[in-house]
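Colleague: I have a model open and a list of terms to sort out. Can you take me through them one by one?

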Amino acid sequence: MYDPITMKLNVDPYILSALKEDITSEDVTTNSVMPHFCLGEVNLICKEDGIICGLSVFARVFQLLDEKAEVTFFTQDGQAVKAGERLAKVRGDIRVLLSGERTALNYLQRMSGIATYTASVAKLLEGSGIKLLDTRKTTPNNRIFEKYAVRVGSGHNHRYNLTDGVLLKDNHIGAAGGVKEAVQMAKEYAPFVRKIEVEVESLEMAKEAVEAGADIIMLDNMEPEVMREAVEMIAHRAEIEISGNVTRETVQRILDLGVDYVSSGALTHSAPILDISLKNLRPVSEGK
């Protein structure tokens, strides 16, 4: 769950933007059938098994529309949920419940889908000592939600953004004139507290990176036999990350290579949503 400061400064603006996208002037359908205040209640129902994530964001959607809206949860982020399970009840102005429904569910379904997929990949890595990382391949303006979902699903965050650390990829290396030159320039420019990671695509590049003093070497899109040779050549002189088309179906091929990290863009760009619905909306009396 997000802390209050993060919620107010960094999460609320994105939620408000999503609500404005959905309601440019009014919710004409809701205002047609519910022109006046009426207290109501609706149930949040899970429609398939998975890992739930994003409950605080779900609740915040309704609370930003009406601070009197109440959400009672029967589970918490990171918990396994089952199809048919009642996850929460939402109580408030029926107009708010109707107008906020899709935005709230979009966040919850997306975040829960990422947490569920991440958990399935992390389970395959259990006992290997390899940390599962996400990437910056996130939906624009949804990174704060998607990277949180990765953590809930037992994954770890790579760089949050370009300010977080130095990652010299192929085009940076090309711009600098080579691996050695890129590493040297990064060492001279970046603050000393920043680790320097180099993406390499061959044994020759990996050798250059380790000799230049890279802290982390990313073996990108290499065949398993080449990766094994690279790991042996690096010989613990740098931490090693595996990347490139890593999915639930392919991750097991790197379990015995002796690397430190594996990063997967699929965690955020290819995870399906978890099917969740708001059901059984009904008016209720005050005090009930």
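Predicted model: local features only at pLDDT ≥ 70, side-chain atom pairs only at ≥ 80, totals over all residues.

Colleague: Why is H1 called a helix, and what span is expected for helix H1?

Modeller: Helices are DSSP runs of H or I with at least four residues, strands are E runs of at least two, and both are numbered from the N terminus. H1, residues 4–22, has 19 residues, so H1 passes that cut-off. The expected span is 1.5 Å times one less than the number of residues.

Residues are numbered from 1 along each chain as its sequence is written, and side-chain values use heavy atoms, with hydrogens and water left out.

Colleague: What makes Val-11 a bend in H1?

Modeller: A bend is the angle between axes fitted to the seven residues ending at a residue and the seven starting there. At Val-11 that angle is about 50 degrees. A proline, Pro-13, follows within four residues.

Colleague: Which residues of H1 are buried, and what do they pack against?

Modeller: Buried means under 20% relative accessible area, with exposed over 50% and partly exposed in between (1.4 Å probe, protein chains only). In H1, Thr-6, Met-7, Val-11, Asp-12, Ile-15, Ala-18 and Leu-19 are buried. They pack against helices H3 (55–65), H4 (94–124) and H5 (143–152); contact means heavy atoms within 4.5 Å.

Colleague: What makes one space a pocket and another a cavity?

Modeller: Both are sets of points on a 1 Å grid over the protein atoms alone. In a cavity a 1.4 Å probe fits but cannot get out; a pocket is open, with protein on both sides within 12 Å along at least five of seven lines. Lining residues have an atom within 4 Å of a point. The largest pocket holds about 420 Å³, and the largest cavity about 50 Å³.

Colleague: Which residues lie nearest the centre of the largest pocket?

Modeller: Thr-135, Lys-137, Lys-169, Ser-243 and Gly-265, out of 23 lining residues. Ser-243 also lines the largest cavity.

How values were computed
Points joined across faces, edges and corners; volume = space filled by probe spheres on them.
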